[in-house]
Amino acid sequence: MEQQRNGEQPPARHRRPLVGRRRMLTWLAVGTVTALGGGVVLRQSLAGADEPAARPAPGGGSGSPAGHRHGTGAPPPASGSPRPSAPPPPPPPVDQGGRKWSDAGGWGGRLPGPGSAVRITDRVVLDADAKVGSLLVEPTGSLVFAADRSLTLASSGNVEVRGTLALAPDGAHTHVLRFPEVDERRFAGGGMTVVDTDTGLWVTGQGYLRLDGAPRTAWTRAATALKPGDSTIKLAAAPTGWQPGDELAVTPTAPPDTDDFSTSYDLVTVERVDGATVTLTGPLKNAHPRVALGGGATFGAEVLNLSRNVRIEGTENGRAHVHLTSSRPADVRHAALRWLGPRANGKDSWNGKPVTEPVLGRYGLHFHMLLDTSRGTVVEGVVVRDTGSHAFVPHASHGITFRGCISHDTWEDAYWWDGPIDTRTPQGPSDDIAYEGCVASRTVFEPNPRGYRLTGFSLGAGTGSSARDCVAVGVQGATGASGYEWPETSEGVWTFERCLAHNNLENGVFVWLNAEHHHTVTQYAAYHNGGWGIEHGAYLNDFDYTASVLYGNAAGGIAVHALGRDRGTVFDGLLIDAAGQSDYAVATLKHQLAGERVTLSRSRLTGYRKAGVAFRATGDGEPDDIAVLDCEFGGAKGSELWLDPEAPDPKQILFRPAGQAQTVSLGKAGGGQGLAGTPWNAATAPAEAPVPPRAVALPALAFTDSAPKTGRVTGG
């Protein structure tokens, strides 16, 4: 049956490999094995699409999977509604009482092998390493890895879970599901159902996935500056669960005028952990200074633990994927997902080589169009690394919390869901998504000069979502790339607070919205980015940026493209320290449309080389409409303001320094024919401000130096 690349597949019959009777093994009880001879590895899914994922019935009712999850029997909440007040029921216990995989009698006298298509309809406990051609766990079946053993299950083809799959080792052992023979050239991508050629882990129908590794502190910060040659790291807090042999990534923190400032990571291995001191098996290669931003904030390098004792992985040359369409919420805790997100050659080339593109719908951890059935899902302490496409994707799936997760060295936007097909079509929403203490680290694109608007966190459409205590570091890309992005035609209303962006190749925050709603960014910090701390566009929107610190960003603290829509955008109570890295702390750029005033107030601007605020709106756009009120200036050189002689005469620039009562307006002298001899390169006239004088309100940041505490799945 031909599959539809960009849409949902039509239902298909249960697929089985085409083998003769002589190659068919008998089956006992409820376990099935089909073997292929001649060493041929089966790559075909057994399940196809004969049991689509359950969805809430129209109007709800007790038969709704979402109603069962909430324990209320009531209709599932509509998209955009608040989280249900009733907590979800506890997850089921992990049943280790099934028959043993190693018992040949359960398989008709012959154990499954590398060429076997395995079908499980009863309870099975994996008690020995195994390799199969493919695996299907039916709704009546379960496959549970024995908790007291280190085990690896390798599959050449798809693993589809319609029943239960559980990897939940004790703290002394490791469970691995591996796809060792993926051929990325065969991937088709797209659709709602299992695709035979697209090798990976599929959780479908009402299948239940439990990945439940031993808790580890996902990340914490270095308590001191780190130097090349150091073989110990003193951490801000003693980590939980770190073990000898764990792999750590130490993030870059050097200023943007340093070579490789956005890529100078150290990947190191733990030799010993003594409280908050970690001894490494080898020395650091790079410097990782601690950075004092002001506002009470000093940041050391993040030390990311990339190791977990539950692993799902392809190989470096054959990336698999994880795809969830099950109506039963998964429990995914403390797992490392590696070498996922396949890519295919596109039509373009770069330097004589094909440019690869991500395969549609085949990502690191992909929750696909679950709507309200995903509410209550928690993804905690999960690492997605060395992956060729998006890391965490809650696509049209509501109510998912990502806590203490790490994306490291992944391609494409790390935290993301499907965008609109064009700039005239709004993005489909995912509501009530929470990012708590998550990290986007070293997000890359191929080739990097084409990484236009690449981002660590794409803060897309929907309501009720939040990003708190997150870190975006080492994001690469080109124009408009950033740690955090409010993307075009994808307006979502987010709670955004205590988030940090540093050592990204371009911007800390990038906003490109023509917004209908009011947005607030507070307790945000950006340091040592290669672009702006905040690049704010596009045409008209209303944002409030409050109580934030922007330090040592190469282009400057803030670039203002957009004017206000209704209330106007306000930057209030900021500390903007250029730290000698940029000519201006704040600059206005091209305004596409006339709008309401933008206000910079009660802030301190310092460390710039030429001026605190540069008015540079271009001649082919709309003129500036800006108020700079009650701000302090501390540049060692330059003046408070500077009006670019190439800029058009502003609609209005209001200026009132901190501690003064008089407001003036700035403009060009002589109707734009020449400039007055003021330090601001502008003529002045008395003016009225919209608010009375107020005191400067410098921020007092309250960041945490470690990932949130996480734990194992309860109830089992």
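## Strands and confidence

Strands here are DSSP runs of at least two residues, numbered from the N terminus. The model is predicted. Its average pLDDT for the chain is 87, and 86% of the residues score at least 70.

Start with a general rule. Most residues other than glycine have a negative phi, and most peptide bonds are trans. Some places in this chain go the other way.

Q523 is one of them. This residue lies in the loop between β43 and β44. Its phi is positive, at about 50°, although Q523 is not a glycine. Is Q523 buried or exposed? Its relative accessible area is 14%. Buried means under 20%, so Q523 counts as buried.

A396 also has a positive phi of about 50°, and it is not a glycine either. A396 sits in strand β31. With a relative accessible area of 13%, A396 is buried.

P447 belongs to the loop between β35 and β36 (455-458).

Another cis bond joins G537 and A538, where omega is about 15°. A538 is found in the loop between β45 (532-537) and β46 (542-546).

## Aromatic pairs

How many aromatic pairs does a search of the whole structure find? The count is 24. Take F392 and F402. Their ring centres are 5.8 Å apart and their planes meet at 70°. Planes over 60 degrees apart count as edge-to-face, so this pair is edge-to-face. F392 lies in strand β31 (residues 392-397), and F402 lies in strand β32 (residues 401-403). The two residues are ten apart, and the pair links distant parts of the chain. F392 is buried, with a relative accessible area of 0%. F402 is buried too, at 0%.

F496 and Y524 make a tilted pair. Their centres are 6.1 Å apart, with 50° between the planes. F496 is in strand β40 (residues 492-497), while Y524 is in the loop between β43 (518-522) and β44 (525-527). These parts are 28 residues apart in sequence, so the pair ties them together. Both F496 and Y524 are buried.

## Charges over rings

The charged end of R99 is placed over the ring of W107, 4.3 Å from its centre. R319 lies over the face of W411, and here the distance to the ring centre is 5.7 Å.

## A buried valine

V444 is part of strand β35 (residues 439-444). Its relative accessibility is 10%, so V444 counts as buried. Which residues does V444 touch, leaving out those up to four places away in sequence? They are D409, T410, W411, E412, L454 and Q476.

L454 is ten residues from V444 in sequence, and their C-alpha atoms are 7.8 Å apart.

## A partly exposed glutamate

E357 gives a contrast. It lies in strand β27 (residues 353-358). At 42% relative accessible area, E357 is partly exposed.

Beyond four places in sequence, E357 touches P342, R343, A344, G346 and K347. K347 is ten residues away along the chain, with 9.2 Å between the two C-alpha atoms.

## Cavities

Rolling a probe the size of a water molecule over the atoms shows where empty space is left. In this model, the count comes to four cavities of 30 Å³ or more. The largest cavity holds about 70 Å³ of space.

Which residues line the largest cavity? They are I558, V560, F571, V586, T588, V598, T599, L600, V613, I626, A627 and V628. Strands β48 (556-560), β51 (584-588), β52 (598-601) and β55 (625-634) each supply at least two residues of this lining.

Notes:
Residues numbered from 1 in each chain as written. Predicted model: local features only at pLDDT ≥ 70, side-chain atom pairs only at ≥ 80, totals over all residues. Heavy atoms only, no water. pLDDT = per-residue confidence, 0-100. Phe/Tyr/Trp six-rings, centres within 6.5 Å; stacked < 30°, edge-to-face > 60°. Helix = DSSP H or I, 4+ residues; strand = E, 2+ residues; numbered from the N terminus. Buried < 20%, exposed > 50% of the residue type's maximum accessible area, 1.4 Å probe, protein only. Lys NZ or Arg CZ within 6 Å of the ring centre and 35° of its normal. 1 Å grid on protein atoms, 1.4 Å probe; cavity = no way out; pocket = protein on both sides within 12 Å on 5 of 7 lines; lining within 4 Å. Points joined across faces, edges and corners; volume = space filled by probe spheres on them. Contact = heavy atoms within 4.5 Å.
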